[in-house]
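Good morning. I will take a few minutes to walk through one structure, and you can follow along on the screen.

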Amino acid sequence: EGAMLVPIFAGLIVRYALYFAGIGDLVANEVTLTSPVTSNLRLHEAIFLLSQGASPYAGRLFLQPPLVLLLLQPLATAPRIVHFSALVLVDVLVAVAVYLIAKRHAISAKEHSEEGGAMDILGPSAAAAGYLLNPFVIGGCLAMSWQNLHCLSLVACVAFASCGRGGPSAGCAAVSLYLAPVAPLALIIPAGVLSYHCRGGGPADVEDDQVSVPMSKALPTVIRYVGLAATGFGVLIGASYLQMGRSWEFIETSFVDVVMLADLTPNVGGFWYVFCLIFKRFRLLFLFVFHAHVIIYVIPIHCRLGRFGRLGPLAACVAAIGQVHLFRAYPTGCDVACLLALLLVLPTYVVQCQQKFILLACVCMIGLGLCPTMAHAWLVWNAGNANFLFLGHLVHHVAGGHLLVTWLGAGLQLRRRRKWTKLMEKWVWGMVDEACRRPEAPAVQHSEQPPATAEAEGGRALKKRR
């Protein structure tokens, strides 16, 4: 806990120093830090419409759900420092959740006498600092972007599941679906499997990384988890309906428009570029492909990695969050920072692919750093076009996807190495046991007849001469 205080204090000092230096006004509209869903300007427009008695969804510019508007309305009308402090608090909560996930894994690894060297280099505080001190997370906080609220719902879902708390984890999964529809569906099944492995708050039931738990055993827990998440999502939709005065107007703007990509404002994602160029008759096909391909990765990752031992379910959850961050419709740099921090939760995977990991992480950050320059060259200086910004997206997106695949490949190599090591140990010790149990050769048995006396021998010789 003491080591966790260092990155927290460092992150607070850097954030407030940059805030009082006036950096927030310079980065308020950067495409790397904000998106059409989390734009602070659109939030103030919605609050103004609401204060005038009009619907905040008039004009279909505000894409956040009603309960988020209810939560942010007091902050938007409060002094700016209060709004900024709330964003800083959310960043700290995300870092604490990452720290708890990494610490729980570190405790489990220590109980099994594994990963000592990796844990000394990349401890839980390093994973938390990887998020809290990331420049894109700090920039998003200064730009008053609430993208970190999306990250908090996803990371808290895994944090509760790693403690065996299926109910709160399902609630966080419902919140993530409420904030960003479709993409977080990839996390529900891995989180349910993780909560089954860690139920009761104790160590994972399966200690051997080579032992797979049949899905039939985890299926009741997963079904119950899915039911809780669906119930929580239904409760949030019902509360939104009541909040809007028994009106379903928010469904079309906050959910349908986000899924259908009605707003094609440029951002660091690639959806806006593709759907600006696509023919209308192919739009539904590409919408299905772009949204559905994230979900179909869940089963293959579970079969190859997620069903094995202690590390598999947590690795599957991290991979699912990585897919959500990489393939969501309206991403920001905060999503990439959250992915990089979560990859540090399993340090053995990072050490296994450390050279490629460092290279790809640097390329990913460089690609994100190109996006503001490309956007200004296109939209401000009129010295480029949309391809410039899409180039920055391709660089960081390809590097991020390759990084996630490399990280998963390192997990598979590690499990394969441990498998062959245990097989060789079993074979060698089997030979030793067999050699120790082999019976000794039987001794030669001699006749037990009494030795012949000298008189008997002499009598036999006399008979022979006769």
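A nonpolar core, as I use the term, is a set of buried Ala, Val, Leu, Ile, Met, Phe, Trp, Tyr and Cys residues joined through side-chain atoms within 4.5 Å. Please keep in mind that what you see is a predicted model.

The largest nonpolar core has 123 residues, and the members that touch the most others are Leu 187, Leu 342 and Trp 407. Helix H5 gives the largest share of this core, 13 residues. As general background, nonpolar side chains in soluble globular proteins tend to be buried together.

What does Leu 187 touch, leaving out residues up to four places away in sequence? Its contacts are Leu 154, Cys 157, Val 158, Cys 317, Ala 320 and Ile 321.

Next, a pair of helices. Helix H9 covers residues 147-162 and helix H17 covers residues 311-327; they pack with their axes 10 Å apart, at an angle of about 170 degrees. Because of that angle, H9 is roughly antiparallel to H17; the cut-off for that word is over 145 degrees. The contact involves Cys 151, Leu 154 and Val 158 on the H9 side. On the H17 side it involves Leu 314, Cys 317, Ile 321, Val 324 and His 325. As for handedness, H9 and H17 make a right-handed crossing.

Now the charged side chains. How many salt bridges are there? The count comes to six. One of them joins Arg 80 and Asp 25, at 3.8 Å from N to O. Arg 80 sits in helix H5, residues 80-111, and Asp 25 in helix H2, residues 23-26, so this pair ties together parts that are 55 residues apart in sequence. Arg 80 is partly exposed, at 39% relative accessible area, while Asp 25 is exposed, at 60%.

Another salt bridge is between Asp 263 and Arg 42, where the closest N and O atoms are 2.6 Å apart. Asp 263 is in the loop between helix H13 (249-260) and helix H14 (271-277), and Arg 42 is in helix H3 (residues 40-51), so the pair ties together parts that are 221 residues apart in sequence. Are Asp 263 and Arg 42 buried or exposed? Both are buried.

Arg 328 and Asp 335 also meet through their side chains in a salt bridge, again with 3.8 Å from N to O. Arg 328 counts as buried because its relative accessibility is 5%, and Asp 335 counts as buried because its value is 0%; the limit for that word is under 20%. Finally on this topic, Arg 60, Glu 252 and Asp 257 are linked in a network of salt bridges.

Let me turn to the backbone. In general, most residues other than glycine have a negative phi. Which loop holds Arg 246? Arg 246 is in the loop between helix H12 (215-243) and H13. Its phi is near 60 degrees, a positive value in a residue other than glycine. Arg 246 counts as exposed, at 60% relative accessibility.

Asn 382 is not a glycine either, and has a positive phi of about 55 degrees. You will find Asn 382 in the loop between helix H20 (354-379) and helix H21 (386-437). At 66% relative accessibility, Asn 382 also counts as exposed.

Two single positions remain. Ser 35 is located in the loop between H2 and H3. Ser 35 is buried, with 4% relative accessible area. Leaving out residues up to four places away in sequence, Ser 35 touches Gln 147, Tyr 330, Pro 331 and Thr 332.

Val 256 belongs to helix H13 and is partly exposed, with a relative accessible area of 38%. Where along the chain is Pro 181 relative to Val 256? They are 75 residues apart along the chain, and their C-alpha atoms are separated by 9.0 Å.

That is the end of my tour. Thank you.

Note on methods: Residues are numbered from 1 along each chain as its sequence is written. This is a predicted model: local features need pLDDT of at least 70, side-chain atom pairs count only at pLDDT 80 or more; totals for chains, interfaces and linings use all residues. Side-chain values use heavy atoms; hydrogens and water are left out. A salt bridge is a side-chain nitrogen of Lys or Arg within 4 Å of a carboxyl oxygen of Asp or Glu. Helices (H or I, at least four residues) and strands (E, at least two) are DSSP runs, numbered from the N terminus. Buried means under 20% relative accessible area, exposed over 50%, partly exposed in between (1.4 Å probe, protein chains only). Contact means heavy atoms within 4.5 Å. Axes are lines fitted to C-alpha atoms, for helices over the stretch in contact, and angles run from 0 to 180 degrees between N-to-C directions. Angles under 35 degrees count as roughly parallel, over 145 as roughly antiparallel, 65 to 115 as roughly perpendicular and the rest as oblique. A crossing is left-handed if the near helix is turned anticlockwise from the far one by less than a right angle, and right-handed if clockwise.
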